[in-house]
Structure formats: structure tokens, C-alpha cells
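Subject: Structure for your review

Dear colleague,

Please find below the structure I wished to hand over to you.

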Amino acid sequence: MVVYSFYIFDRHAECIYKKKWTPRPTSTGSKAQQPNGLPDGASQPKALSAEDDAKLVFGTIFSLRNMVRKLGGQEDNFISYRTGHYKLHYYETPTSLKFVMVTDTKSNNLRIVLHQIYVSLYVEYVVKNPLSPIEHPRGIGVNCEMFELGVEQFVACLSSTRFCKQPI
């Protein structure tokens with residue numbers, strides 16, 4: 001399994017943590033391609049800034065979550081969606097923190113994994129840290145070295161094997 005990126009959004013729609021590992025793949029059709037992976041005659045897509053990418057991801061999950069609730073009722077939850085190139089996994093905590101992970105299309109549902117990141121890493125290293133702010137105003141994100149190291153190790157473990165053999 002390949003993990004492309006991971007985001008945490010607070011209840012005010014601010015991205016408080018973002019991490020990218022590998023870029024998402026570009027379209028691969030049967031047409032002739034340039035060395036950069038694009039079909040002949042296609043221009044290079046403009047790269048989004050990290051802030052714009054986070055806003056786009058939040059807008060997507062916000063829209064899909066609302067659509068699922070309108071179609072299925074308040075009990076139904078948006079868990080993930082898949083495109084031809086990636087799969088987006090979503091977990092929302094009772095305090096309205098939103099954990100989002102973008103992976104390759106072959107991965108199974110990672111809702112439990114996102115819950116483990118919340119309980120094992122976020123709560124332990126961010127919430128219980130007396131130096132960490134309770135709210136993250138104006139996009140001031142999570143700045144905890146132990147949390148970042150834990151996320152790195154957790155994702156490396158996910159990428160190398162299906163499940164971690166040892167708790168982090």
C-alpha cells in the first residue's frame with residue numbers, strides 16, 4: 001500500500017497538520033505519452049500550493065459528507081471514496097477533528113487506522129501535551145516532534161506491511 005498524503009482538519013475547517021510522502025499519480029491512458037507521463041499535446045498541470053491542496057481536500061470531504069447525510073440520513077457516515085488513481089479515507093472524531101488519508105486504490109478501508117492514529121498518537125502527543133494549544137487559530141498547526149515521528153513510523157509500517165507487528 002502506498003500512502004500519498006495525510007491531513008488533520010479542526011472544527012473550524014483549518015488544516016492543522018499535513019504531510020505528503022509521494023505525489024499522486026497522473027493519468028495513464030493508452031495514448032502516446034511525454035517523458036513526464038502526460039499524453040502528447042497535453043500541457044503540464046499547474047501544481048497546487050500545500051495550502052490550496054488542503055483546501056481542496058477539505059472541500060471534497062465536506063461536500064461528500066453532506067451529500068451522504070442528505071441521501072442516507074444522519075446515521076450514515078462518509079468513510080471513503082475511490083477514483084481511478086487514488087482512494088481518500090475519512091474519519092471524524094466526536095470533537096469534529098477530521099483525519100484524512102490519501103492512498104493508492106488497492107488499499108482497503110483505513111477508518112480503523114485513522115482512529116488508531118487519533119487515539120495512539122494525536123491524543124497521546126498533542127492533546128495530553130501541556131505546551132500544545134487547545135485551539136489552532138489562523139492555521140497554526142500541530143507542532144509536536146513526537147507526533148510527527150509517530151505518524152512517520154506508523155505510515156512506514158503501513159506501507160511496508162499490512163499491519164504493524166509492534167505497537168508504536
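In this predicted model, the largest nonpolar core comprises 25 residues. Those with the most contacts inside this core are Phe-6, Ile-8, Phe-99, Met-101, Ile-117, Tyr-122 and Phe-147. Two or more residues are given to the core by each of β1, β2, β5, α2 and α3, and α2 supplies the largest share, 8 residues. Apart from this core lies another one, of 14 residues, which includes Cys-15, Leu-88, Val-100 and Val-102.

Beyond its neighbours within four places in sequence, Ile-8 is in contact with Glu-14, Cys-15, Ile-16, Tyr-17, Leu-97, Lys-98, Phe-99, Tyr-122 and Phe-147.

I also examined helix α3, which covers residues 145–160. Which residues of α3 are buried? They are Phe-147, Gly-150, Val-151, Phe-154, Val-155, Cys-157 and Leu-158. Viewed down the helix axis, the buried residues of α3 fall within an arc of 155 degrees and therefore line one face. An α-helix has 3.6 residues a turn, so residues three or four places apart point the same way. The face of α3 turned away from the buried side carries the exposed residues Glu-145 and Ser-160. Among the elements that cover the buried residues of α3 are β1 (3–9), β2 (15–20), β5 (98–103) and α2 (111–127).

Yours sincerely

Technical notes. Residues are numbered from 1 along each chain as its sequence is written. This is a predicted model: local features need pLDDT of at least 70, side-chain atom pairs count only at pLDDT 80 or more; totals for chains, interfaces and linings use all residues. Side-chain values use heavy atoms; hydrogens and water are left out. Helices (H or I, at least four residues) and strands (E, at least two) are DSSP runs, numbered from the N terminus. The expected span of a helix is 1.5 Å times one less than its number of residues. Buried means under 20% relative accessible area, exposed over 50%, partly exposed in between (1.4 Å probe, protein chains only). The arc is that of the directions from the helix axis to the C-beta atoms. Contact means heavy atoms within 4.5 Å. A nonpolar core is a set of buried Ala, Val, Leu, Ile, Met, Phe, Trp, Tyr and Cys residues joined through side-chain atoms within 4.5 Å.
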